[in-house]
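Take a minute to look over the sequence and the 3D picture below. Then we'll walk through it together, one stop at a time.

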Amino acid sequence: MPAFNPQRRALFQRLASPAQFAHQTTLSFPRPPGAVEETIFLQRCTQCKSCIEACPSNAITLEQGYPTLQSANHCTGCHACVLSCDTGALERNDLLLTVDHNCDPAVAAYCQSCVETCPQQAIMINSGQQPTIDTQLCNRCGLCEKACDFQAIHWQRTQ
């Protein structure tokens, strides 16, 4: 099997005929969380390094010009890399926002920062209960996570 060629000419050849290149690509490097299928990943990734810069644990490095997960032990699962990817090489499809025990129901009724920040109005707070996130309305923008002063909103895999 020929080695992966990260050169510009090879990139254009892969984009012109992805089906022809598909049989040549094997996942030799572990990709960051949320990575799409390898052939599609190689087409979508622009090598902008935003996922590397966003990773707080420095778990992502470059191999042959593309981001790879240095070690699964270093990755904390925060999904900052997924949130930073604008190209679709890393997707949020299997991620949902959840509210944990750090959100005190008594305080939530007064805080409302997540509710006020949500552009989709997907977060509801009923008196005496933690906020709930309507997964059908949530667009996974992550603004509520950033707005929460108690760090009570986190990304979790749906699997």
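Over which residues does pLDDT stay under 50? Keep in mind that what you're looking at is a predicted model, so this kind of score, the predictor's confidence in each residue, is a handy place to start. The stretch to find is residues 18-27, and the model has 14 contacts for it beyond four places in sequence. Helix H2, covering residues 18-22, has the lowest mean pLDDT among the elements of the chain, at 46. At the other end of the scale sits strand E4 (residues 123-124), which has the highest mean, 96. For the protein chain as a whole the mean pLDDT is 82, with 81% of the residues reaching 70 or more.

Next, let's go to a hairpin. Strand E1 runs over residues 60-63 and strand E2 over residues 66-69, and the two pair in the antiparallel sense over 4 bridges. Look across from Glu-63 and you'll find Tyr-66 of E2 standing opposite. There are 2 residues between the strands of this hairpin, and Gln-64 takes a positive phi near 55°.

Now for some charged partners. The count of salt bridges comes to 2. One of them joins Arg-31 to Glu-38, with the closest N and O atoms 2.7 Å apart. Arg-31 is buried, and Glu-38 is buried as well.

Our last stop is Val-36, which you'll find in the loop between H2 and H3. Why does Val-36 count as buried? Because its relative accessibility is 15%, and buried means under 20%. Which residues does Val-36 touch, leaving aside its neighbours within four places in sequence? Its contacts are Phe-41, Arg-44, Gly-88, Ala-89 and Glu-91.

Conventions. Residues are numbered from 1 along each chain as its sequence is written. This is a predicted model: local features need pLDDT of at least 70, side-chain atom pairs count only at pLDDT 80 or more; totals for chains, interfaces and linings use all residues. Side-chain values use heavy atoms; hydrogens and water are left out. Two strands pair if DSSP finds at least two bridges between them. pLDDT is the predictor's confidence in each residue, from 0 to 100. Contact means heavy atoms within 4.5 Å. A salt bridge is a side-chain nitrogen of Lys or Arg within 4 Å of a carboxyl oxygen of Asp or Glu. Buried means under 20% relative accessible area, exposed over 50%, partly exposed in between (1.4 Å probe, protein chains only).
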